[in-house]
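Please walk me through this protein model. Start with the terms, then go from the overall fold to single residues.

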Amino acid sequence: MRPSKRQELLETANRIVHEEGAAALTLDAVARRSAVSKGGVLYHFPTKEALVAAMLDALDERFEAALAERATGTEPGRWLRAYVDATLDEEQYGAEVLAGLAAAIAANPRLLDPLRERAMGWQRSAVGDGVDEVTATIIRLAVDGLWFADLFNLAPPDTSLRDRVRQALHDMSVPLKGEAQ
């Protein structure tokens, strides 16, 4: 199925930020690179802030869908394991996420408020997953840290170590027999 014009414009905006930086993101630049009129862009995104907010919303929707797809079952730690996998399996979103975050921060730091809200929800889900709340928080923060290390190339572990860290996080998400839940 062919992406909608709105989706094409979002993809173009992500490419602009990724290739040229957040300062290069303008409605005119999106129109030019998409080969549509500025009015065509304005039809979907009346302001640059609306465009950036839509970039972040689209990424959030894709992540939430990936998380929901993996968080099946009822056993303790299932949500945490899904969070590990959804976060670390979605590497192809790395540049796109960075583009959206950079654009949001440059345009208006308040555009990150929905992401802050979502992160609070992830924390509530983590500590409510039947695993000790300290362990659950350590797992969530470790996953977030690994994601940022990958995203910003901040000494990310090689593939072998990354795989072992991922397995350790999975192992940590399984409560020990008799552990208070």
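Some words come up again and again here. Buried means under 20% relative accessible area, exposed means over 50%, and partly exposed lies in between. I105 has a relative accessible area of 48%, so it counts as partly exposed. I105 is found in helix α6, which covers residues 94-107. I105 and A13 are 92 residues apart along the chain. Their C-alpha atoms are separated by 15 Å.

Step back to the whole chain. This is a predicted model. The protein chain has nine helices and zero strands. Read along the sequence, the pattern is α-α-α-α-α-α-α-α-α. Taken along the principal axes, the C-alpha atoms fill a box of roughly 65 × 35 × 30 Å. The chain has 181 residues, and 40% of them count as buried.

Next, follow two of the helices. Helix α8 spans residues 133-151. Helix α9 spans residues 159-172. How do α8 and α9 pack? Their axes are 10 Å apart, and the angle is about 160°. Angles over 145 degrees count as roughly antiparallel. Therefore α8 is roughly antiparallel to α9. The crossing of these two helices, α8 and α9, is left-handed.

What lies in the loop between α8 and α9? A155 is found there. A155 has a positive phi of about 50°, although A155 is not a glycine. Most residues other than glycine have a negative phi. The relative accessible area of A155 is 71%, so A155 is exposed.

A35 has a positive phi of about 60°, and A35 is not a glycine. A35 lies in the loop between α2 (27-34) and α3 (38-44). With a relative accessible area of 69%, A35 is exposed.

Go back to helix α9 and find M172. The relative accessibility of M172 is 34%, so M172 counts as partly exposed. M172 belongs to a nonpolar patch on the surface. Which residues form this patch? They are V134, I138 and M172. Together they have about 250 Å² of accessible area.

Now turn to charge. Side chains of opposite charge can pair when their charged atoms come close. For a salt bridge, a side-chain nitrogen of Lys or Arg must be within 4 Å of a carboxyl oxygen of Asp or Glu. By this rule the count is 14 salt bridges. Three of these pairs are worth a visit.

Begin in helix α1, residues 5-20. The side chains of K5 and E8 meet in a salt bridge, with 3.2 Å from N to O. Why are K5 and E8 separated by about one helical turn? Because they are three residues apart in helix α1. K5 has a relative accessibility of 34%, so K5 counts as partly exposed.

Move on to helix α7. D113 and R116 form a salt bridge there through their side chains, with 2.6 Å from N to O. D113 and R116 are three residues apart in helix α7, so about one helical turn separates them. D113 has a relative accessible area of 25%, so D113 is partly exposed. R116 has 44%, so R116 is partly exposed too.

Some salt bridges share partners. Through such bridges, R70, D85, D89 and R166 are joined into one network.

The last pair reaches across the chain. The side chains of R118 and E64 meet in a salt bridge at 3.5 Å, N to O. This pair links distant parts of the chain, 54 residues apart. R118 sits in helix α7 (residues 113-127), and E64 sits in helix α4 (residues 48-70). E64 has a relative accessible area of 22%, so E64 is partly exposed.

Methods:
Residues are numbered from 1 along each chain as its sequence is written. This is a predicted model: local features need pLDDT of at least 70, side-chain atom pairs count only at pLDDT 80 or more; totals for chains, interfaces and linings use all residues. Side-chain values use heavy atoms; hydrogens and water are left out. Patches are made of residues with over 30% relative accessible area and no salt bridge: like charges are joined within 9 Å, nonpolar side chains (Val, Leu, Ile, Met, Phe, Trp, Tyr) within 5 Å. Accessible areas come from the Shrake-Rupley method with a 1.4 Å probe; for residues, only the protein chains shown count as cover. Helices (H or I, at least four residues) and strands (E, at least two) are DSSP runs, numbered from the N terminus. Buried means under 20% relative accessible area, exposed over 50%, partly exposed in between (1.4 Å probe, protein chains only). Axes are lines fitted to C-alpha atoms, for helices over the stretch in contact, and angles run from 0 to 180 degrees between N-to-C directions. Angles under 35 degrees count as roughly parallel, over 145 as roughly antiparallel, 65 to 115 as roughly perpendicular and the rest as oblique. A crossing is left-handed if the near helix is turned anticlockwise from the far one by less than a right angle, and right-handed if clockwise.
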